[in-house]
Each structure stands twice: as C-alpha cells, then as structure tokens.
Amino acid sequence: MCCASRSRSDLIAPRRWAAAAAPLLLAAWLSGPMASAGAQAQSAPPDGSPPKVLRFALRVAETGFDPAKVSDLYSRMITPHIFEGLYTYDHLARPARMKPLTAAALPEVSDDFRTWTVRLRPGIYFTDDPAFKGQRRELTAQDYVYTIKRFADPAVLSPSWSEVEEMGLLGLKAYRDEVRKRGIPFDYDKPIEGLRALDRYTLQFKVAETRPRLMENFAQSDLYGAVAREVIEAYPGQSAAHPVGTGPFVLTQWRRSSRIVLERNPDYRPRFYDQEVQPAEGDAEGQALKARFKGRRLPMIDRVELSIIEENQPRWLSFLNGEFNFIERVPEDYINQALPNGRIAPNLAKLGMKAYRVSATDVLFTSFNMEDPVVGGYTPEKVALRRAIGLAMDVGRELRVARRGQGYVAQSLYLPNTTGFDPDFKSEVGDFDPARAKALLDLYGYVDKDGDGWRDLPDGRPLVLESLTTPEAFQRQIDEIYQKNLAAVGLKLVFKTGKWPENLKAMRAGRYSIWSLATSGSKPDGQDSLARMYSGQINGQNYARFSMPALDKLYNEASHLPDGPQREAVFLETKRIAAAYMPYKYRAHRYITDITRPEIVGYRRAPFWQNWWEYVDIDAQPATVAGRSSVTAQAGTAPAPLR
C-alpha cells in the first residue's frame, strides 16, 4: 500500500459543490467549515424526512481511495462502494456466487480458458466531476482497459501489480518491462493484445496460459473498479483523494485518519434489492430479507459516516453511548460484556441490539523477512530458529487472554471459506511446544555463550529479535504474551513501534525483521493465500519475501488446474513446505462479532467482499422488544461455540 500524498488539504469538498467549481478553486474550499453542512444538506431525502445515516468506526486508519494504490483492508472497505468492477457476488448467496455488476452477463469463455469476452451494460455513468467538463460520462470497455493498465504503469507503484502480472494478460508485462528498461512514460494508448476494447461495450482478455478462475479477480471492485482517465489526469498525484466511480456512493468529506463521509449517489442507475439477490431456499433469514426489501431501490441509505478510533475502549464506549449505530468487530477485550455465555447481553438486548457472529475468512500470522540477516535464510540453522520461534509462541494464550476466545488455532496458510482450507488438517504450524523449541535452538548452536541469560547466534554474536508493532493497548497485550514466550526459551524480543500504515510501508520495502498482522480473503479461491509464498509476489502479497523454485512450480500448477482433487493435492504439498520452512507463523483464524442498533435492518457480513452498505436500511422507528435479541450465526459461516 502507498500512503496518499498530503500535499493537498485533508478534507474533501462535497461532490456537488466540486462539480460546480473549477478545479483550481477546490483547494480554497477543502478545509472550509461549509463542507460538512453542505454534505448534510445534500444527503437529505427529497421528501424532507431525516437522512438515513450509517455510522461506525474503523479500527485502523485508511490510506487513500485510489484502487490501484491501496492494499489495506480499511481502504478497501470503502473503495468498492465508490467504484464498480465487472462482477460482484450475490450478497445473500451462501456459498458465494459470482454475478454481473457492470457486465451485462457472465463472460464468454474459450474452451482452453485463455480468451474471455465480457459485454458491458450500456447506460452506466460516472458521478459528476469537473474533469468531465459538464458532460455526462458513460462507462465504456475502454475504461476497464485503462484501469487495468494503471496497475502495470511503474509510475503508479501499485502494490497489486504482482496479482495483475500473474493473470498473464498477453503483452502487458512485456510492455511494462520495456517502459522500465527504457525509462519512458507509460503509453496508455498503446494496444495490448491481452487487454482490448473490441467496441464501446465489449472487453476481451487473452492470457498466455489456462486461467479457469480469471474473472474472480475482476469481481474485486475494491481493486478493479473502473476509474476514468480524465479524472486521474485532472488531479496528478492526487488520485487517492479524488475517487470518482460509477458506484452507489460518493466521497464528500475526508479528514485523513479521522473522518470519512460518503453519500448516496443521486444519479446511480436503477438496481433493486430483490433482483440482485438469490438466497438459498433453506436460508430463512435471506429469504425474509429478500421479501422485506422487494422493489426497494439500492442504495437504501443516504449517508455513511466513518470515524477512525484505533483504541478498543473508546471505540466500544462510543458505540454504547449512541455515537454509532453499528460496531464493526466488537473488540475482543469487550466480547464478554457484549456476549456473556454466547448470547447478547441483556442490557443490549433491551435496546433492541442484535449481534452477528461469523468465522472470518482471515488469518492472524507472524511474518519473518527471509532476507533479514537474523531471522531470514534457508540454511538449517535459520530454518531451525524460525521453527523454534513458532513452537515457543503460545497462540492458545493469545486467544484465551487477549482475544477472549474469539478465534481458533490455524494449521496452515489457507483461509476458511476458500479452496485449500481443510478443517481437519494438522501441522506443526499449530503446535505450542517450548521444550521442542529449546531442543532445536540447542541443536543448531543458539546457546548463551556470554552468560547474560540470552541465547546468542551460532557464531557468538548477540541474538536480538526485532519486531514491528503498533502502539494501541490491545496490541501491547499480545506483544507481552509473545515476549514472555520467547524469553522462556532464552530468546530476546524487542519491539519497534510505529503507526500501522508506516509499518506496512516498511514491510513492503523489506525493511523489517518480524511483524505480526492479519490478512483477509478477497475471493473464494485459495490461490491468494499461496501467493504469500510465491517469488513473483515479492513486493506484493509475499510479505516474507520467500523464494523457492519448488514452491513457485506448485503455485503455477495451482494457477492453471481446475478445482478438484489434483489441485487440492498441490495445496497439501504447499502446506507442508510452509510448515517446514516457516516463512510465516500462522497463528489463528478469528471469529468476528458485529452488533447493530435496532434501526439497522438487513445486515449480513459477507465472507470476503466488502460492499454491503447498499444492502442495509435504516428504520426511523424500529420495533424493539426487550429480551428477544440474541446472536445470529449467519448462513454458511458455521461458527463454533464461544470458548
């Protein structure tokens, strides 16, 4: 991820005002007090009723809103509400089902899965912007060509280029390499064989090798939602602060790391709830939602107001005090207050609140930089050090003490709800065994040579493990657990504290030794998880900078095989390599509990897609019945009981 430039003011003017002003006048308005009042006036329904506002807090700051430049979850929670990809997922279907969004139908695919033809739906328009010079701007196939080419432009520095590169679009990587070698600007008008607009509404992809799941990439609106070339060129260097898409919401305010406001796009095309969803016949909740919202036009709410509150206590208290009507991920240290004995607390139930609990498509993990002189490397003693660190980490204690039982121990790199994940698989990755950790360290020469109580490197130099971390109190609880774990086997662990975006920037550049974080799935395929060990994804998803020809070969096999037993066998072998070399210590998969106040109707957490605001409503006069609210285990997620 790239941090957005702060050279322009941190507050965005309301979109309608911006459309009426020349671009050069924007800077004078961006920090003015009228922005908020204008936004409120804009979002009020035409019948004079109060606007329907969804309010909640993010637990980590965003980095910006240019899809080609973001990779963090919190920015990607916002971008798919502004931009739209070719495809999306049925919001109520479980298991996941891909469906057209801006495409008119599912793609036409050649028998060898190398040529994909997508036809767009005519009559879809970008939101107004001065860059369009007063003209209504229709979405065309060429917009997707331009959007995808931006990932290949070296000047954009897209953290997702490695994923686009892996698609194998004919001619795209070769042209990028030519641009880099010759030091010339990227020519967006240059024809690329594998990425063409055949006509105004027809897009064709050609890939070098079989890609059975190619279109799953383009169902990620948070990354591959269409941008307009005129907008990107109108705000050079400021694309992260000027998101203009075809989606249901528009950005109207932005104070970086503080406040984000989006409003319903008043010119959004007609889409109706019951025409967009098809829940399973046995999904009673889904069927009830479809019936309730029959004929309702999307989006159903007027505005979304987001705050950034990194500390758990103020985020939880702000929700209880009524500042927010939704809490995304109840903080783990307050889960027993919110859900004692697995049921929503009586005081919250009396207020009509409802809790939703799922097994998340995510994993907590500790990444080791394989290029680091201390923890990196492929020699036996370096592998032994990482495996010893993994064995010394008491993940069960992290789950019991810090996370209050909101998770279960991970055994591999693959995420729940994706291919490659097997709930019955067991490996050393999930073991806590300090005795074995000590034995490994002793065997490979990590002993205390100078008598100071800490183990040294095999050559006698001091061994100090350095991990990046963030400053919030919740993270300190986790850090203390693992610092004590490693001390118990004689390993000294110190922390380098920084803000999350800065830490991620350092990690992507390879300027770190160890860091613990989490990742969430963005599609139903496990290939993304495997990408974290693929050498072609170094500087991308391969945070550990792991490089091994045998693994790369397996990655390529998995890319081209259809789903089935042969592909699952490839996934199994990659699990074994991951456990043997330990570039990552996969720690746990989380349970996530969200809570809504009674006025929010229709909420359902998606397994991996992020666009859901358009599917909820705000009831101005909710019916609340004391004591009737309890935890909802959402369809297809199968959460285990609280521990």
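Which residues are exposed on the other side of α12? They are A284, A291 and R292. Keep in mind that this is a predicted model.

## Helix α12: two sides

Helix α12 covers residues 284-292, and G286, L289 and K290 are its buried residues. Looking down the axis of α12, you'd find those buried residues within an arc of 100°, so they line one face of the helix. What do they pack against? The buried residues of α12 pack against α11, residues 273-276.

## Helix α7 and what follows

Helix α7 spans residues 172-182, with L172, Y175, R176 and V179 buried. Down the axis of α7, the buried residues fall within an arc of 100°, so here too they line one face of the helix. A174, K181 and R182 are exposed on the other side of α7.

The buried residues of α7 have α5 and α6 (161-167) to pack against. Just after α7 comes G183, which takes a positive phi of about 65°.

## The open sheet

There's an open sheet of 4 strands, ordered β4-β5-β7-β6, and the pairing is antiparallel. The edges belong to β4 (108-109) and β6 (195-199); each has a single partner strand, so one side of each is left without a neighbour in the sheet. In general, strands of a sheet pair through backbone hydrogen bonds, either parallel or antiparallel.

Strand β5 (residues 115-119) is joined to β4 by 2 bridges, and the two run antiparallel. If you want to find one of the pairs on screen, V109 has W116 in β5 as its bridge partner.

Nonpolar side chains tend to be buried together in soluble globular proteins. In this model, the largest nonpolar core holds 117 residues, and F56, F205, I260 and W613 touch the most other members. Which helix gives the most to this core? That's α5, with 7 residues. Apart from this core lies another, of 31 residues, including F368, A437, L440 and A588.

Setting aside its neighbours within four places in sequence, F205 is in contact with residues including L86, R114, T115, W116, V118 and I148. Also on the contact list of F205 are L169, G194, L195, L214, M215 and F218. One of these contacts, W116, is the bridge partner of V109.

Key: Residues numbered from 1 in each chain as written. Predicted model: local features only at pLDDT ≥ 70, side-chain atom pairs only at ≥ 80, totals over all residues. Heavy atoms only, no water. Buried < 20%, exposed > 50% of the residue type's maximum accessible area, 1.4 Å probe, protein only. Arc of directions from axis to C-beta. Contact = heavy atoms within 4.5 Å. Pairing = 2+ DSSP bridges. Core = buried A, V, L, I, M, F, W, Y, C linked by side-chain atoms within 4.5 Å.
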